[in-house]
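These are my notes from going through the model. I took the entries in the order in which I looked things up.

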Amino acid sequence: MTTSPSILIVDDEGHIRKILSIMLGKRGYRCRLAASGQEALAILGQEEFDAVLTDLKMPGLDGLELLARIKGENPEQIVIMLTAFATVDTALSAMKAGAYDYLSKPFKEEEIVLVLEKALERGRLIDENRLLKRQIKERFDISSFLGQSPAMQKVFDLIAKVAETRATVLITGESGTGKELAARSIHQNGPRRERPFVPVNCGAIPPNLMESEFFGHVKGAFTGADQAKKGLVAESDGGTLFLDEVAELPLDMQVKFLRVLQEEEVRRVGELNARKVDLRVLAATNKDLRGEIEAGRFREDLFYRLNVISLRMPPLRERPDDIPMLASLFLKQAVDKNRLNPKKMTAASMRLLMEQKWSGNVRALRNVIEQVAVMSEGEIIGPEDFPFARPAPAVSGPAAAPDAICLPGPEKGADLKAAVKAAAEAVERQIIERVLKEHNGNKTHAAEALGLSRRALITKAQHYGLD
Ligand SMILES: Nc1ncnc2c1ncn2[C@@H]1O[C@H](COP(=O)(O)OP(=O)(O)OP(=O)(O)O)[C@@H](O)[C@H]1O
Ligand SMILES: [Mg+2]
């Protein structure tokens, strides 16, 4: 934050306002003056200040009442009290009501500046801390946004292009395709990265609370509003508001949102004046918004306002080439997260993963890998460790040649199930024997070729007496 700090000075005595503003002005503070508590509140409704410096004794709304009103609106506002009648009592009540500090008149210039600087420093630290926490979380997510397929390369190109702009982007795609990750990455790669990224799941807010959640409210705006609230729109001021599941916005909220987007200002519930906001909006949905428009559930005007740029996240089955790198990333993350010994997937496992339909897309892949990482034994993860119905190992690989298989006839008296089992075992034995021979008895290589873990191969080889 390089701009000079802004201070609101409140005092009913003109000469005190003047002295303070000259004193602070020459040190680079931007000052606004208010002659009464009421005037101060009106100004605060329009503008934000780094600190408020207020007299205690004033006709009308006095300093303590003003303090209570300010804290009700914005609990984090820094307020410093000035008083000619500094009794322990008033000082105590001011501090209890949330004043940052108090100074008694006549005040020394040095003293005021010192207290102000300390207060502002604390405000900056709080902001910075909040931002850092957010950034750490985001960097972690973004650094692992992967994809080598042409389809994902196109996505990355578009993200790089739109990140620089303020254009609204509508991100579509099936569940689990990475829509939120794309939104975070647009924010993180653009000029707003130092400001908040505020994700909102539009389907998760009860309709009766929506307006106040989004736009904020003043204290006492409705029953239960015992503290003022900024609202999600104001919280993303200067940053990015991400409207996730945007199709779930009720129609009346769609109208209100459109107005906020067009006018670039919000009005808190219970407040008369609107406040300016500098927003960038990203939205995502897995619904077909055009269909929703036709069904009368989504407003066409809002759709066009959101869909300035459209970004479609391709389903995973359209880009199987991305699966190996994603699977390796997720395996490594699962191993780290669960403090497991390092694990590896066989080529056959990768092939198996690439053959799946993945209707739950990347999220489903991540879940399966984590599950298998935890459940599998040993350091090699083979196809048999995965919970899908899989083609018999004989179908792929050199052992598949049908001429190698000769089925034993069912023994007399054996039931069908037992016969099939015996046949399958005979086939399996032949394949294992042959592949082991092909790899000169090297179990690691044979296991790899068969898509088995080394350990599973050894067990089977022992079972068939091939050792
Ligand atoms: N290309 C990718 N690289 C790495 N991880 C990814 C990728 N795409 C998605 N993921 C991961 O998959 C999971 C789902 O991603 P995300 O939440 O962004 O999907 P979504 O499209 O918003 O899903 P939904 O529609 O269910 O909300 C997350 O854990 C995310 O980190
Ligand atoms: Mg999502």
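I started with a residue pair: Val169 stands opposite Ile309 in β12. The model is a predicted one, and I read this pair with that in mind. The strands involved are β6, residues 169-172, and β12, which pair in the parallel sense. I noted four bridges between β6 and β12.

Next I looked up the sheet to which these strands belong. Which order do its strands take? I read β7-β8-β11-β6-β12, an open sheet of five strands with parallel pairing. At the edges I found β7 (197-201) and β12 (309-312), each of which pairs on one side only. Ignoring direction, neighbouring strands of this sheet are turned by 20° against each other on average.

Glu245 sits in the loop between β8 (240-244) and α10 (251-263). Its phi is positive, about 50°, although Glu245 is not a glycine. I also wanted to know why Glu245 counts as partly exposed. It has 17 C-beta neighbours inside 10 Å, and a residue is called buried only with 20 or more and exposed with 12 or fewer, so Glu245 falls in between.

At the other end of α10 I checked Glu264, found in the loop between α10 and β9 (265-266). Glu264 is not a glycine either, and I read a positive phi of about 55° for it. Is Glu264 buried or exposed? I put it down as exposed, because it has 12 C-beta neighbours inside 10 Å.

Other sheet. I found an open sheet of five strands in the order β2-β1-β3-β4-β5, with parallel pairing. Its edge strands are β2 (30-34) and β5 (101-104), and each of them pairs on one side only. From one strand to the next I noted an average twist of 20°.

Within that sheet I picked out β1 (residues 6-10) and β3 (residues 51-55), which pair in the parallel sense over four bridges. Ile9 is the residue I checked there, and it stands opposite Leu53 in β3.

Which helices pack on this sheet? I noted α1 (residues 14-25), which touches β1, β2 and β3. The direction of α1 makes about 170° with that of β2. Helix α2 (residues 37-46) also packs on the sheet and touches β1, β2 and β3. For α2 I wrote down about 155° between its direction and that of β1.

I looked at Ala91 as well, which lies in helix α4 (residues 88-96). With 19 C-beta neighbours inside 10 Å, Ala91 counts as partly exposed, because the cut-off for buried is 20 or more. From Ala91 to Ser104 I noted 13 residues in sequence and 9.5 Å in space, C-alpha to C-alpha.

Then the ligand. Which residues come nearest to ligand 1? Of the 17 residues around it, these are Ser175, Gly178, Lys179, Glu180 and Val362. I sorted the shell into five nonpolar, eight polar and four charged residues. Helices α7 (179-188) and α15 (361-375) each supply at least two residues of this shell. Domain 2 (150-314) and domain 3 (319-390) each give the shell at least three residues.

Last, I took the totals for the protein chain. I have 18 helices and 14 strands. Buried residues make up 31% of the 467 residues. Of the contacts with a separation of 6 or more, 71% come from residues 24 or more positions apart.

Conventions: Residues numbered from 1 in each chain as written. Chains lettered and ligands numbered in written order. Predicted model: local features only at pLDDT ≥ 70, side-chain atom pairs only at ≥ 80, totals over all residues. Pairing = 2+ DSSP bridges. Axes fitted to C-alpha atoms, helices over the stretch in contact; angles between N-to-C directions. Contact = placed C-beta atoms within 7 Å. Near = placed C-beta within 6 Å. Nonpolar A, V, L, I, M, F, W, Y, C, P; charged D, E, K, R; others polar. Domains from an automatic or database assignment.
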